[in-house]
Amino acid sequence: MSETRIIQATDDDMKEAIREATSLLRAGEIVALPTETVYGLAADAFNADAVTKVFAAKERPSFDPLIVHVASRGDLKRVAVVPDEIAEDVNRLTEAFWPGPLTLILPKHPDVPDLVTSGLPTVAVRQSAHPVFRAINKELGQPIAAPSANRFGRISPTSASAVMKELEGRVPLIVDGGACTEGLESTIISIEPREGKKPVLRLHRAGPVTKEQLQAFGKVEKLKEKPGDAPHAPGQLPSHYAPHTPLILLSDPSDFRPEPGKRYGLMSYRGEDDGRYVTMHSWECVEALSPGSGKLAEAAIRLFYIMRSLDEAGLDAIVAEPVSETGLGVAIMDRLRRASVRE
Ligand code: TXA
Ligand code: MG
């Protein structure tokens, strides 16, 4: 493949974008599409050849399964077999959070190619809330397999131009649906039934749907991974979402030991000096996740965008200030920690 086109999906030309993307997907091609979380690299989930192209374009190892997106709650049964013991819980959760950034891990339907789930007996499913994605999903009439539209291990794209930087020449079409409104990948859970009690909701990946929001539906517990286990969510490999520039997550400003002559940039939370970070060093540049106001929702939306722009600033290292680990702060800190791990 050589040329990658970007097509706008604004009000005026939405129909054309939907038509073009759908016909490529129908022909077994891959297309980058906007979702409310991050941009996805989409393929018809029932077409194993198309799904192979997703893995190739991303250089994604075949052991890392994809998320399948359904056009409606009713379509869930086309990709998953929901056990009776959790049917009510699945209903409640999908009613509350779909369409939206909650992914459920459920037993897989035999029609889903093994390639999509990397041979696992389970499938990860969500319904996207993005109007362009939803329209394409519906028009195609098939579930869509779509991982984030970045090369493996890199920063997830939250705009069409970020997808271009990641996948130019590897995908024929990027549908530009504007900046993502959540900015972080979906929350991933599995459901473990308990006799006479609400289920355990096992958190595989923290995301826009917070622990606090999930608590009404069950007991939220972290996924315990024993050393040596195959990762349940390989996106949860220690090193992920990583810029090329080393990222230092600094939990205490006094731990900073700058090396002489090196250029450091600061990823600040508010851009103001409430935590001593802004004035502690003569930074090459300072970028704020939520300038002035300090809102976690804004920080989540801007995180990958700021990480990418600092990565392009020619620094020796990016220094990141921590955010408070409540609500959306849990997902933000998860991404910062993984971005700070070097392979
Ligand atoms: O918001 C999102 O979830 C975005 C948009 C495009 O929908 N997608 C996304 O996909 O983040 P990806 O491939 O970057 O991350 C999917 C994660 C991976 O960590 C993968 O290992 C995990 O989901 N996953 C997929 N199927 C799984 C399964 N059956 N069991 C456990 N984890 C699974
Ligand atoms: Mg990803």
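A salt bridge here is a side-chain nitrogen of Lys or Arg lying within 4 Å of a carboxyl oxygen of Asp or Glu. In this predicted model, the side chains of Arg 92 and Asp 89 meet that description, with 3.5 Å from N to O. Both residues belong to helix α4 (residues 84–97), where they stand three residues apart, about one turn of the helix. An α-helix has 3.6 residues a turn, so residues three or four places apart point the same way.

The structure holds 25 salt bridges, and others among them reach across the sequence. Glu 20 pairs with Arg 5, the closest N and O atoms being 2.4 Å apart, and this pair ties helix α1 (residues 14–26), which carries Glu 20, to strand β1 (residues 5–8), which carries Arg 5, over a separation of 15 residues. Glu 20 is buried, at a relative accessible area of 16%, while Arg 5 is partly exposed, at 36%. A further salt bridge joins Glu 185 to Arg 335, with 2.8 Å between the closest N and O atoms; here the partners are 150 residues apart, Glu 185 in the loop between β8 (173–176) and β9 (187–194) and Arg 335 in helix α9 (residues 329–340). Both Glu 185 and Arg 335 are buried.

From these pairs we can turn to the domains. The protein chain is divided into domain 1 (5–80 + 110–176) and domain 2 (247–339), whose C-alpha centres lie 31 Å apart. Nine residues of domain 1 are in contact with six residues of domain 2, and the area buried between the two domains is about 650 Å², with 52% of it given by carbon and sulfur atoms. On the domain 1 side, Ile 155, Thr 158 and Lys 165 supply 66% of the area buried against domain 2, more than any other three residues. The side chains of Arg 154 and Asp 311 form a salt bridge of 3.2 Å, N to O, and both residues belong to a network in which shared partners join Arg 151, Arg 154, Glu 166, Arg 308 and Asp 311.

The largest nonpolar core has 73 residues, and Leu 93 and Met 267 have the most contacts inside it. Helix α8 (residues 296–311) contributes the largest share, eight residues, and the core draws at least three residues from each of domain 1 and domain 2. Leaving aside residues up to four places away in sequence, Leu 93 touches Trp 98, Leu 102, Leu 104, Ile 189, Ile 191, Leu 201, Leu 214 and Phe 217. A second, separate core has 17 residues, including Ala 17, Ile 18, Leu 140 and Ala 146.

Helix α2 (residues 48–58) can be followed from end to end. At its start, a side-chain oxygen of Asn 47 reaches to within 3.1 Å of the backbone nitrogen of Asp 49. The buried residues of α2 are Ala 50, Val 51, Val 54, Phe 55, Ala 57 and Lys 58, and what covers them includes β3 (40–44), β7 (144–145) and α6 (160–167). After α2 comes Glu 59, which has a positive phi near 55°.

Conventions:
Residues are numbered from 1 along each chain as its sequence is written. Chains are lettered from A and ligands numbered from 1 in the order in which they are written. This is a predicted model: local features need pLDDT of at least 70, side-chain atom pairs count only at pLDDT 80 or more; totals for chains, interfaces and linings use all residues. Side-chain values use heavy atoms; hydrogens and water are left out. A nonpolar core is a set of buried Ala, Val, Leu, Ile, Met, Phe, Trp, Tyr and Cys residues joined through side-chain atoms within 4.5 Å. Buried means under 20% relative accessible area, exposed over 50%, partly exposed in between (1.4 Å probe, protein chains only). Helices (H or I, at least four residues) and strands (E, at least two) are DSSP runs, numbered from the N terminus. Domain bounds come from an automatic or database domain assignment. Contact means heavy atoms within 4.5 Å. Buried area is the accessible area (1.4 Å probe) that two parts lose on being put together, summed over both. A polar contact is a pair of N or O atoms within 3.5 Å; within protein, one must be able to donate a hydrogen and the other to accept it, and residues adjacent in sequence count only if both atoms are side-chain atoms.
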